[in-house]
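Could you walk me through this structure in my viewer, one selection after another? I am new to this, so please tell me what to pick at each stop and what I will find there.

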Number of protein chains: 2
Amino acid sequence: LPHHKPRPPGGLRRHHVDGIVEEEIEFVAQPSKFGSLWPLPQKVQISQVSFKLTGFSFNIVDAKQSSAGPSCALLQDAYRRYYEYMFGNAKRSGKNKSRRAGPTDLTELQVWITSADSDCDAYPSVKSDESYELTVDQPFAVLKAPKVWGALHGDLFDFGKDTLLLYLLIPVFPPWFTQETMAMNKINVFHWHIVDEPSFPYMSKTFPQLSQQGAFHPYTHVYTPADVKMVIEFARLRGIRVVAEFDTPGHTQSWGKGQKDLLTPCYSGSKLSGSFGPVNPILNTTYTFMTQFFKEVSTVFPDGYVHLGGDEVDFNCWKSNPNITKFMDQQGFGRDYSKLESFYIQRLLDIVATTNKGYMVWQEVFDNGVKLKPDTVVHVWIGGRYNDEMSKVTAAGYPTLLSAPWYLDYISYAQDWQNYYKVEPLSFNGTDAQKKLVIGGEACLWGEYVDSTNVTPRLWPRASAVAERLWSSKDVRDVNDAYNRLSGHRCRMVERGIPAEPLFTSYCPREYRGV
Amino acid sequence: LPHHKPRPPGGLRRHHVDGIVEEEIEFVAQPSKFGSLWPLPQKVQISQVSFKLTGFSFNIVDAKQSSAGPSCALLQDAYRRYYEYMFGNAKRSGKNKSRRAGPTDLTELQVWITSADSDCDAYPSVKSDESYELTVDQPFAVLKAPKVWGALHGDLFDFGKDTLLLYLLIPVFPPWFTQETMAMNKINVFHWHIVDEPSFPYMSKTFPQLSQQGAFHPYTHVYTPADVKMVIEFARLRGIRVVAEFDTPGHTQSWGKGQKDLLTPCYSGSKLSGSFGPVNPILNTTYTFMTQFFKEVSTVFPDGYVHLGGDEVDFNCWKSNPNITKFMDQQGFGRDYSKLESFYIQRLLDIVATTNKGYMVWQEVFDNGVKLKPDTVVHVWIGGRYNDEMSKVTAAGYPTLLSAPWYLDYISYAQDWQNYYKVEPLSFNGTDAQKKLVIGGEACLWGEYVDSTNVTPRLWPRASAVAERLWSSKDVRDVNDAYNRLSGHRCRMVERGIPAEPLFTSYCPREYRGV
């Protein structure tokens with residue numbers, strides 16, 4: 001695992017055990033000319049002028065010309081949040097209260113939403129304009145942004161613009177703190193993998209038995225409708241989309257507990273084995289259920305997209321079931337079970353299309369040749385040859401989202417953030433038109449080994465490395481400079497109460513004080 | 001990475017990426033006949049009788065015959081702590097307050113210290129008797145232990161006895177929460193690697209400039225004398241020894257910042273390079289300093305042992321220095337720098353011997369042929385061929401402590417606790433007498449990638465696996481049963497507010513509610 005500095009005299013200890021060879025690094029990050037800006041904006045120009053920033057003399061205000069004023073709760077909420085981030089500690093210590101603003105003090109940040117419709121009460125979408133321009137060359141700094149979404153990114157810690165997406169997928173409970181930290185890293189989509197094989201925590205109004213029977217616990221381990229609303233609003237106030245995933249036909253064991261006949265009964269020889277496989281694709285009741293279920297989903301989640309899953313369908317149970325075999329014969333599928341899978345997915349997509357939602361699917365759905373609406377987002381996740389997959393998906397004209405190199409649940413010793421950082425998502429073979437179909441990337445954190453006890457230090461700052469790769473210019477690739485800035489960014493998160501783990505031997509001025 | 005259960009229907013997801021093959025496991029732990037006892041005691045007998053345990057009707061009291069009564073603060077403190085552990089939540093919810101004790105309620109735990117000297121005001125030592133016997137066959141349970149140390153281990157969650165040691169080494173700040181959790185896992189020595197290359201946080205009364213100059217920060221990142229006292233007393237109340245390590249002659253960069261001429265000046269050709277190497281072994285001032293320094297250490301730390309380090313000495317700087325070369329010639333060392341290292345260590349050991357402390361050293365000190373007092377503990381840490389080293393060290397008659405297979409700072413995907421669990425520390429070639437020289441094992445967590453943000457979930461329950469290997473009988477090796485008990489033990493820690501990470505997809509009745 002490569003690191004970024006020559007070995008200091010004396011070096012560090014015990015790194016050569018069990019085949020792990022550790023290269024060396026300085027103990028303390030060196031200053032970057034960009035300070036601790038993270039992720040680095042597309043364009044930064046550092047002026048000769050500099051200003052002091054102190055809480056007692058500083059205000060965030062709506063610019064006179066702004067289309068969003070005091071009635072825009074999203075902005076007022078953001079002003080308060082950033083003011084707390086910036087001066088929370090100083091305020092509490094009561095320092096400098098009696099000081100007056102001097103000529104070199106930055107006294108005001110004017111927030112100017114320039115387009116007639118600020119989007120203040122809207123939900124962010126895949127097409128939202130997130131650009132902004134922050135100018136600090138006089139005591140009145142100006143933050144210009146066409147929409148509120150850009151203003152949210154234009155805190156005083158950086159300058160720049162971009163529109164790439166980063167998705168984050170995390171199946172743990174509760175997501176609040178994660179979203180707060182996502183915003184600090186300009187991560188703008190929360191992919192909420194809300195149900196899975198072992199548990200169905202989503203409380204459905206139409207089918208309440210799904211969570212009553214299928215959740216780890218029907219009261220303590222569910223997301224109530226109110227929970228879901230709060231997650232969505234909390235995210236919206238931070239410019240974060242919430243894309244829910246309800247994965248079928250595989251990974252659905254928990255669905256079967258509360259919905260009779262939804263899953264395929266498996267056979268052992270000529271007898272029912274008592275266990276169940278993927279969603280049963282040969283019953284009409286399956287499609288009636290899905291129609292009602294996704295109708296509810298489409299109203300609960302305001303985002304324009306829903307993620308339909310479609311990954312890792314295990315054919316063994318289908319193979320064992322004589323009724324499935326009979327159906328396969330009737331349809332002329334032979335023994336090609338991917339055709340059966342496609343049959344199911346095709347009908348599901350038609351159902352979801354009636355709700356006027358766009359959809360995202362895992363790459364197997366494309367690989368198996370399912371007919372897709374042209375704007376379907378194909379989510380590439382299988383490691384190893386993902387560049388080939390990106391070529392194929394984009395050659396077929398589909399928008400695509402890359403996750404394969406950013407599976408944060410895979411952990412290893414030392415600075416694996418550098419591996420995430422060095423990825424170039426557009427390095428696959430393809431035309432410019434194909435490259436434009438890459439709508440972003442997504443860091444995934446699956447929950448087999450993660451829950452609320454360890455999710456935060458496992459995510460941060462490792463996901464921050466992905467954030468800069470996707471937010472900043474392609475040319476921003478200097479790992480040394482990234483190390484120096486990210487060290488500062490990590491400590492900034494720690495100061496804000498987020499237990500973001502260290503990159504390497506180091507310290508923060510204010511350490512995390514939790515357990 | 002082997003797991004412990006056949007694949008459930010439908011299985012889990014995305015485990016076959018990038019060469020990682022994941023075997024499968026049940027979602028939820030199955031009940032063990034031993035409940036969630038962890039670590040498993042040497043002997044457990046489960047009776048037919050069972051009792052209810054409720055806070056309103058239960059008391060922990062000193063047995064009439066006990067040699068330690070209400071004046072033993074250590075025991076009273078422990079009673080309160082265990083009562084809180086057991087009933088903290090129920091008490092807060094105010095349940096059952098008006099209920100009376102029924103005939104099947106366990107109403108009392110009588111704690112009976114049997115030897116005339118309870119050790120109540122002593123410090124635990126390597127020879128402390130930690131055995132206990134807990135009997136729960138009538139409404140008055142009895143916990144018998146020769147000394148208070150055994151009573152501390154005999155909480156109502158298990159039954160048994162043993163005297164093996166587990167050491168834990170952790171260079172982060174602050175250690176309180178870690179010690180609390182160590183006690184829950186019957187880990188009885190805190191190896192405090194209190195200074196290292198990048199920082200010297202130990203505040204010395206004799207040489208205050210060591211931390212003033214050598215700590216990350218002289219106020220916010222130091223252990224004051226009061227801090228050290230509190231760490232030791234907090235540990236003592238939980239039956240935990242505190243063994244401090246002051247590692248020399250290598251890994252001492254931070255020492256050099258506050259102590260002029262302590263480190264060897266390195267040369268680049270014929271000129272001083274400006275950097276420094278290990279402790280300078282050829283100056284008398286070095287030994288004067290060490291004499292004063294370790295005299296202080298011997299009074300600050302009451303334990304009978306001090307760890308002197310001695311690992312990973314880099315000879316390059318010594319080789320570059322002409323004064324060192326001259327000294328080597330005078331001493332007839334030729335170009336064998338391990339002889340120079342031995343020269344230094346030998347003098348250091350003589351110095352420390354005058355303080356009446358025993359000492360521990362890392363294995364290189366033994367490997368390099370330094371003469372050691374017969375009771376010196378040799379600490380085996382180098383991975384790979386550690387069984388050979390154990391054979392050699394014990395053949396030479398030294399007590400030894402094994403760490404090599406338990407470096408918890410090395411992380412990998414999936415259930416690495418099983419690797420720690422499967423180690424058999426006495427599997428090396430040697431006589432019974434040699435095996436008896438193994439005084440215990442130590443789980444190490446070095447701090448390159450760990451600080452207060454992630455130390456707790458990284459340690460627990462991974463260190464718990466080491467704890468059972470060292471505490472329980474050699475025959476306790478069933479990984480399935482261990483998984484089931486450890487899952488419960490993990491949730492018990494979580495309920496007590498400790499963010500111990502999950503073993504696998506699972507849930508706890510009361511989840512961790514921190515960040």
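Here is a short tour of this predicted model, from its domains to some backbone details.

**Stop 1**

Where the two domains touch, domain 1 of chain A brings 17 residues and domain 2 of chain A brings 18.

**Stop 2: the interface between them**

Stay with the boundary between these two domains. About 1,700 Å² of area is buried there, and carbon and sulfur atoms account for 57% of that area. How many salt bridges cross the interface of domain 1 and domain 2 of chain A? The count is zero. Polar contacts do link the two domains of chain A, with five residue pairs counted.

Now highlight α1 (73-93) and α2 (148-153) of chain A. Each of these helices provides at least two residues to the side of domain 1 that touches domain 2. The biggest share of that side comes from α1(A), with five residues. By residue type, this side of domain 1 of chain A has ten nonpolar, three polar and four charged residues.

**Stop 3: two cis peptide bonds**

Next, zoom in on W38(A) and P39(A). The peptide bond joining them is cis, and its omega is about -10°. You will find P39(A) in the segment that comes before β1 (59-62) of chain A.

Move over to chain B and select W460(B) and P461(B). Here too the bond is cis, with omega near 5°. P461(B) sits in the loop between α15 (455-459) and α16 (462-471) of chain B.

**Stop 4: two residues with positive phi**

Return to chain A and click on K186(A). This residue is not a glycine, yet its phi is positive, at about 60°. Look for K186(A) in the loop between α3 (176-184) and β6 (189-193) of chain A. Is K186(A) buried or exposed? With a relative accessible area of 3%, K186(A) is buried.

Finish at H251(A), in the loop between β7 (241-245) and α6 (253-258) of chain A. H251(A) is another residue other than glycine with a positive phi, near 55°. Its relative accessibility is 4%, so H251(A) counts as buried.

Technical notes
Residues numbered from 1 in each chain as written. Chains lettered and ligands numbered in written order. Predicted model: local features only at pLDDT ≥ 70, side-chain atom pairs only at ≥ 80, totals over all residues. Heavy atoms only, no water. Contact = heavy atoms within 4.5 Å. Buried area = accessible area lost by both parts, 1.4 Å probe. Salt bridge = Lys/Arg side-chain N within 4 Å of Asp/Glu carboxyl O. Polar contact = N/O pair within 3.5 Å; in protein donor to acceptor, adjacent residues only side chain to side chain. Helix = DSSP H or I, 4+ residues; strand = E, 2+ residues; numbered from the N terminus. Nonpolar A, V, L, I, M, F, W, Y, C, P; charged D, E, K, R; others polar. Buried < 20%, exposed > 50% of the residue type's maximum accessible area, 1.4 Å probe, protein only.
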